[in-house]
Amino acid sequence: MSLVAGIDSSTQSCKVVIRDAETGKLVRQGRATHPDGTEVHPDAWWSALQQAIDEAGGLDDVTAASVAGQQHGMVVLDEDGEVVRPALLWNDTRSAGAAAELIDELGGAQAWVDAVGIVPVASFTLTKLRWLARNEPQNAARVASVCLPHDWLTWKLGGKKDLRTDRSDASGTLYWSAASNEYRPDLLELGFGRRIRTPEVLGPTGVAGHLPNGAPLGPGAGDNAAAGLGTGAQPGDVVISIGTSGTVFVSSDVAPNDASGTVAGFADCTGRFLPIVVTLNAARVLDAAAKLLGVDHDELSRLALSAPAGADGLVLIPYLEGERTPNRPLATGAIHGLTLRTSDPAHLARAAVEGMLCALAAGLDALVENGARANRIVLVGGGARSEAVRRIAPALFGLPVLVPPPGEYVADGAARQAAWVAAGGAAPPSWSAETPEVYEDTSVPLIREQYAAARDAVVDRPGG
């Protein structure tokens, strides 16, 4: 039996899966946690990866491996390859002002869409480089190279030779274009003030390096592109992932052109495009509601399902860490419609689930408005384990919802890519998928309207 390894280095943890390269059958796996925060030294990811590899039984017997990871994080290295400062992660919003500056300096949002398919917000790497140049000039002066979290881990696994990346992760930097498959060094210079080295961008089956046993390392991927590959999503399947962030994406032959910045024109793992909408607040909205009510997630779900649809007008706006879509980095969460009737745990639980899902449903609307085909939803991520989320989602999305069995779909996508690299085939291997649960209720109720009205009343907090 030939084995491959898939690695998911996410915001919160590192997961390693070892699978049969031909069938996709899970053979063994490991996991380790990452530190909290929006600023993390990459050494913490490396330590977690080593722990997860050990728990998974090592990589000595695999024929290929690949690393998927959280996108956009700024990892800056000096001339000797040493990390200059802790990485700023995708959910660090301190560069919101830099994003606004960059939009103006290039001539507006449409100019950025024309250049790289996305409009600057605080999440993207280039805005963090601008923040670094402005706020830490001594550190900025030491920077020789910039890369992303998965690039750095691949580089370390391969013996620290050449920095390499893939299209999906490069497409979220603001200085690489998915449409032209080229870096834009002029934009890198615009943001950082000078040109620095960037990883080579490989195709879907490119070899980024080799493990100590000689096994090839695949090009890797951003977490969302890997999840799409891992779920085996078909044309017209919109993947909605409810993790630390919320993501709504679909593989497409056409690059979006959305000057509003709602839909980002990323790349996928297969040479196509990955139009995507991302929210900063997803599963942790459920965490916060459960903590507020003093219950576990199962009880939160039961409470939510015991309340009426629409929670009798109680609306929770889930901007607990600011928001990326819409671009409201200084906004806070809010509760609207609180009355004596709605002042109980069940109504609040229902409002939390509906608020999180309504934010994602707005992303689905934006994808469709920008030409994406949406036949059904594939719902994954930790939040999808909630029965309330699964049962309420179809009504708010207006489409059938398929929920695959819980799994590590980002790591699985990386493993599938590794098997593709090992086989050298024209397409990823076809691994048989387990039968998903299907939930249907294609009505889109007034809940969406009451959410939109409450959302538009939210204001950013002054001064950040």
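Here, buried means under 20% relative accessible area, exposed means over 50%, and partly exposed is anything in between, using a 1.4 Å probe and protein chains only. With a relative accessible area of 24%, Tyr183 therefore counts as partly exposed.

Some ground rules first. This is a predicted model, where local features need pLDDT of at least 70 and side-chain atom pairs count only at pLDDT 80 or more, while totals for chains, interfaces and linings use all residues. Residues are numbered from 1 along each chain as its sequence is written, and side-chain values use heavy atoms, with hydrogens and water left out.

**Aromatic pairs**

The structure holds 2 aromatic pairs. Rings of Phe, Tyr and Trp (its six-membered ring) pair if their centres lie within 6.5 Å; planes under 30 degrees apart are stacked, over 60 edge-to-face, and the rest tilted.

| Pair | Centre to centre | Angle between planes | Class |
|---|---|---|---|
| Phe124 and Phe266 | 6.2 Å | 70° | edge-to-face |
| Tyr175 and Tyr183 | 6.3 Å | 20° | stacked |

The Phe pair links distant parts of the chain, 142 residues apart: Phe124 is in the loop between α3 (109-116) and α4 (125-135), and Phe266 is in strand β18 (residues 264-267). Helices (H or I, at least four residues) and strands (E, at least two) are DSSP runs, numbered from the N terminus. Phe124 is buried at 3% relative accessibility, and Phe266 is buried at 1%. In the Tyr pair, Tyr175 is buried at 3%, whereas Tyr183 is partly exposed.

**Charges over rings**

A charge sits over a ring if NZ of Lys or CZ of Arg is within 6 Å of the ring centre and within 35 degrees of the ring normal. Arg94 does this with Trp131, at 4.9 Å from the ring centre. Lys156 puts its charged end over the ring of Trp46, 4.8 Å from the centre.

How do α4 and α8 pack, by angle and axes? Helix α8 (residues 185-192) meets α4 at about 40°, with the axes 7 Å apart. Axes are lines fitted to C-alpha atoms over the stretch in contact, and angles run from 0 to 180 degrees between N-to-C directions. The two helices are therefore oblique to each other (under 35 degrees is roughly parallel, over 145 roughly antiparallel, 65 to 115 roughly perpendicular, the rest oblique).

With contact meaning heavy atoms within 4.5 Å, Leu126, Leu129, Arg130, Leu132 and Ala133 of α4 meet Leu187, Leu188, Leu190, Gly191 and Phe192 of α8.
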